[in-house]
Amino acid sequence: MLLSTTSIALKLGAGLLADRLFGELRRFHPLVGFGRWAAHVEAGCRRVLGASRPAGVAAWALAVLPWVALALWLRGLHPLAHWPVDVALLYFALGGRSLAEHALAIAVPLAAGELSLARERVGWIVSRETAALDAEGVARAATESVLENGNDAVFGALFWFVVAGGAGVLAFRLANTLDAMWGYRSPRYLHFGWAAARLDDLLNALPARLTALTYALLGRTRRALACWRTQACAWDSPNAGPVMAAGAGALGVRLGGAAVYHGRAEDRPVLGEGRPADAASIAEAVALVRRGARWWLGLAALAALIQAGLATLAGAPHA
């Protein structure tokens with residue numbers, strides 16, 4: 001148990017450091033190849049099984065499980081193979097630096113009054129229409145994206161790594177990718193994408209609430225917990241609601257509200273309370289995610305130290 005706890009802490013530190021130093025791969029990113037693989041799997045399953053829910057379940061399994069099996073096989077090639085395999089898979093799954101870079105690329109021109117450039121860049125990371133957004137709308141969209149993706153790109157990956165190692169974080173990351181590809185309530189994916197959406201919800205259920213708790217503890221705690229309790233249930237997504245409500249409350253900023261998706265206006269519930277979103281709130285959301293990652297790493301290191309201390313006490317001779 002001591003070795004396992006210590007190795008988890010060391011691997012978490014190595015993966016987070018690699019993400020901070022190198023960020024996402026600019027060329028030959030594995031998720032690009034996985035996306036192509038998933039598209040081929042989708043086409044094959046649709047030919048054989050149609051667009052039904054069973055077809056979506058089969059496609060999800062064929063897209064994800066072979067890669068998880070490969071990760072488990074690689075870990076077993078040598079007694080020490082789990083070290084490079086796990087660290088590499090955690091680095092591959094994390095997106096903290098990329099999230100921060102995209103967010104700050106919006107915050108900087110927004111703070112400088114370059115609204116058109118900020119609109120263009122926020123359009124790279126959100127699915128809503130951005131051409132007519134005012135400064136507050138841009139800041140709101142970017143802050144929401146940082147808070148929500150803090151769970152998907154950082155804390156969810158860390159959680160599943162702690163629970164199931166490299167294979168677990170790989171399964172989480174691929175499931176999250178398939179949700180982004182197939183998890184729509186459109187005519188094409190209403191039934192076929194059901195499994196991808198539900199499995200992503202299931203894998204994110206506990207990490208999302210731990211993310212919300214992290215935001216609350218590292219920000220305006222009482223306000224964050226109150227917003228989580230009263231506002232999250234009104235949000236469409238069972239996982240994004242707690243994350244963004246707690247995050248908005250922790251930052252003391254108002255999010256949610258009206259947005260346009262694919263030409264259709266949606267009057268979304270308000271999240272958080274306090275000042276309107278602005279360029280500063282984007283940077284504050286990035287800082288909150290970074291503090292949370294350091295906090296999780298610190299907890300893992302503390303667990304390893306406690307285990308080491310207990311092992312030392314258990315092995316000490318009696319007087």
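Helices here are DSSP runs (H or I, at least four residues), numbered from the N terminus. This is a predicted model: local features need pLDDT of at least 70, side-chain atom pairs count only at pLDDT 80 or more, and totals for chains, interfaces and linings use all residues. Residues are numbered from 1 along each chain as its sequence is written, and side-chain values use heavy atoms, leaving out hydrogens and water.

**Helix α8**
- Helix α8 covers residues 194–218, 25 residues in total.
- From first C-alpha to last, α8 reaches 35 Å, close to the expected 36 Å (1.5 Å times one less than its number of residues).
- A kink of about 45° sits at Ala205, shortly before Pro207 (the angle between axes fitted to the seven residues ending there and the seven starting there).

**α5 against α6**
- The axes of α5 (residues 96–111) and α6 (residues 115–122) come within 8 Å and cross at roughly 165°. Axes are lines fitted to C-alpha atoms over the stretch in contact, with angles from 0 to 180 degrees between N-to-C directions.
- α5 and α6 are therefore roughly antiparallel (angles over 145 degrees).
- Ala105, Ile106, Pro109 and Leu110 of α5 contact Leu115, Leu117, Ala118, Arg121 and Val122 of α6 (heavy atoms within 4.5 Å).
- This contact has 8 nonpolar, no polar and 1 charged residues. Ala, Val, Leu, Ile, Met, Phe, Trp, Tyr, Cys and Pro count as nonpolar, Asp, Glu, Lys and Arg as charged, and the others, Gly among them, as polar.

**α5 against α7**
- α5 packs on α7 (residues 135–182) at about 170°, with axes 10 Å apart.
- That makes α5 roughly antiparallel to α7.
- By class, their contact has 11 nonpolar, 4 polar and no charged residues.

Terms used. Helix = DSSP H or I, 4+ residues; strand = E, 2+ residues; numbered from the N terminus. Parallel < 35°, antiparallel > 145°, perpendicular 65-115°, else oblique.
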